Amino acid sequence: MNRTITAIVFSMVALPAAPLLAFCGFYVAKADTKLYNKASQVAIVRSGDRTVMTMANDFEGDPKEFAIVIPVPTVLQKGQIHIANKALLDHLDNYSSPRLVEYTDENPCAPRPLRMPMSIGMASGASNMARDEQRAKSLGIKIEARYTVGEYDILILSAKQSSGLETWLVESGYRIPAGASSVLDSYVKQGMKFFVAKVNLQEQSKLGFKYLRPISVAYTSAKFMLPIRLGTVNSKGTQELFIYAITPKGRVETTNYRTVKLPSNVDVPVFVKDQFGQFYKAMFNRQVIRENMKVVFLEYAWNMASCDPCSAEPLSQAELRELGAFWLGDNQNLYGGQQAFLTRLHVRYDGPHFPEDLFFQETGDSESFQARYVMHHPWTGNDTCREADNYRAALPGRLEKEASNLAGLTGWNLNEIRGNMNIRASNRTPEEEKPWWNTLWNR
């Protein structure tokens, strides 16, 4: 018997849409697990031969009929089994999702201020928080308190003027309804504080899929593996699996299947901002086809002391310990720091293409990686100078390159992409405009 489950869908007036101020560009969108209906999430925390595995599985049907079979390497005692908090996996997902960042080209005629260099991956969570507070202070906003309460990230704010508060909220990714400015102003004049909460609420899929509460198991075993074969028995097709591996030292990779990095740091057209979910799915589908659905893809690898750009704060040490990072302290206010390295893997699998369970190893590779895509807003000013002339001359070629990048990543039609970008024929490269045979005799 298989019945569809009906759930209440919550909505919020101010919902985090996500552009967070980051060191390297602005984070504006992410490709999280919600893009996929039939998807499972697994967090594997491991050091030495000790493992804590947390599993969140999708489910279709009546919960009364639900049964789960989990192969484990040892007999588990009751104390080794725990019902976990789904918010922890949501936090991992938000922190490590492939993301889109945006830049705005500067006026080429304006003098460029000196910028202090910073090595990628070295911006600590504390420094990110300091930058947030500096930006808030510049707008007349004071962050009175920060709390993490369950799945809620809470800020208590005070403001000197409503315009500064509105700017901060917009920059922090909150959609402000029309007419809110006057309301905010009345509260500011009354000296009231502002309770700001970021909530991760799971929306039930229209297809009837639903996450059940995650199950955690802790065990000791020399085998560093994830059993996936039983999951293909009752499958109606391919499945999406997201793995968050947390280890003390470095990146995790599979040993019996190839681990392949997704394309990253690719410039794409500005219109992708409104289609990032479709873009990511098309890009991932294309990579799966190219690899004959026989590899595990790396989406993210980073020490949890930092992120660049940040789509969510790194997990605190208390959160990491709740997931099983037993080697850390339990300080509620510290990030995991140098002792927690997160690897995010994404695999699309079925029985014929993945006949074996997944086996892993922790490597000594601590180099940072993220599936990251970049869009640049062109400068549209009227200033005149040699640099501006050079900029305008080079811009058509750059736009054409962005269109070509997008077509290559997704398989989308290049001419349709050009149409979405409003690229005229005159913006094509000289090599493309010439007949192909002209290049044979240097004409």
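**Figure 1. Asn292 in the loop between α5 and β17.** Asn292 sits in the loop between helix α5 and strand β17 (295-303). The model is predicted: local features need pLDDT of at least 70, side-chain atom pairs count only at pLDDT 80 or more, and totals for chains, interfaces and linings use all residues. Residues are numbered from 1 along each chain as its sequence is written, and side-chain values use heavy atoms, with hydrogens and water left out. Helices (H or I, at least four residues) and strands (E, at least two) are DSSP runs, numbered from the N terminus. Asn292 has a positive phi of about 55 degrees, although it is not a glycine. Is Asn292 buried or exposed? Its relative accessibility is 52%, so Asn292 counts as exposed. Here buried means under 20% relative accessible area, exposed over 50%, and partly exposed in between (1.4 Å probe, protein chains only).

**Figure 2. Asn265 in the loop between β15 and β16.** Asn265 lies in the loop between β15 (258-261) and β16 (266-267). Its phi is positive, about 55 degrees, although Asn265 is not a glycine. With a relative accessible area of 52%, Asn265 is exposed.

**Figure 3. The whole chain.** The protein chain has 9 helices and 21 strands. Of its 443 residues, 47% count as buried. Contact means heavy atoms within 4.5 Å. Among contacts in the chain with a separation of 6 or more, 79% come from residues 24 or more positions apart.

Figure 4. The structure holds 12 aromatic pairs. Rings of Phe, Tyr and Trp (its six-membered ring) pair if their centres lie within 6.5 Å; planes under 30 degrees apart count as stacked, over 60 as edge-to-face and the rest as tilted. How are the rings of Phe276 and Tyr373 placed? Their centres are 6.3 Å apart and their planes stand at 55 degrees, so the pair is tilted. Phe276 belongs to helix α5 (residues 276-290) and Tyr373 to strand β21 (residues 372-377), so this pair ties together parts that are 97 residues apart in sequence. Phe276 and Tyr373 are both buried. Phe279 and Tyr373 form an edge-to-face pair, with 5.1 Å centre to centre and 75 degrees between the planes. This pair also links distant parts of the chain: Phe279 is in helix α5, Tyr373 is in strand β21, and they are 94 residues apart. Phe279 is buried, as is Tyr373.

**Figure 5. An aromatic cluster and a charge over a ring.** Tyr95, Tyr300 and Trp302 make up one aromatic cluster. In another view, Arg50 lies over the face of Phe326, at 5.2 Å from the ring centre. A charge sits over a ring if NZ of Lys or CZ of Arg is within 6 Å of the ring centre and within 35 degrees of the ring normal.

**Figure 6. Ala325 in the loop between α6 and β18.** Ala325 lies in the loop between α6 (317-323) and β18 (341-349). Its relative accessible area is 0%, so Ala325 is buried. Which residues does Ala325 touch, not counting those up to four places away in sequence? They are Val45 and Leu320. Ala325 and Ala340 are 15 residues apart in sequence, and their C-alpha atoms are 8.0 Å apart in space.

**Figure 7. The disulfide of Cys109 and Cys385.** The structure holds 1 disulfide, a term for a pair of cysteine sulfur atoms within 2.5 Å. Cys109 and Cys385 form it, with their sulfur atoms 2.0 Å apart. The torsion about their S-S bond is about -95 degrees, so the disulfide is left-handed. Cys109 is in the loop between β6 (99-104) and α2 (125-138), and Cys385 is in the loop between β21 and α7. The pair links distant parts of the chain, 276 residues apart. Cys109 counts as partly exposed, at 27% relative accessibility. Cys385, at 18%, counts as buried.

Figure 8. Helix α7 (residues 386-410) has 25 residues. At 1.5 Å a residue α7 should span 36 Å, and its end C-alpha atoms are 37 Å apart, which agrees. The expected span is 1.5 Å times one less than the number of residues. Where does α7 bend? The bend is at Leu395, by about 35 degrees, and a proline, Pro396, follows within four residues. The bend at a residue is the angle between axes fitted to the seven residues ending there and the seven starting there. The buried residues of α7 include Ala388, Tyr391, Leu395 and Leu399. Just after α7, Gly411 takes a positive phi of about 80 degrees.
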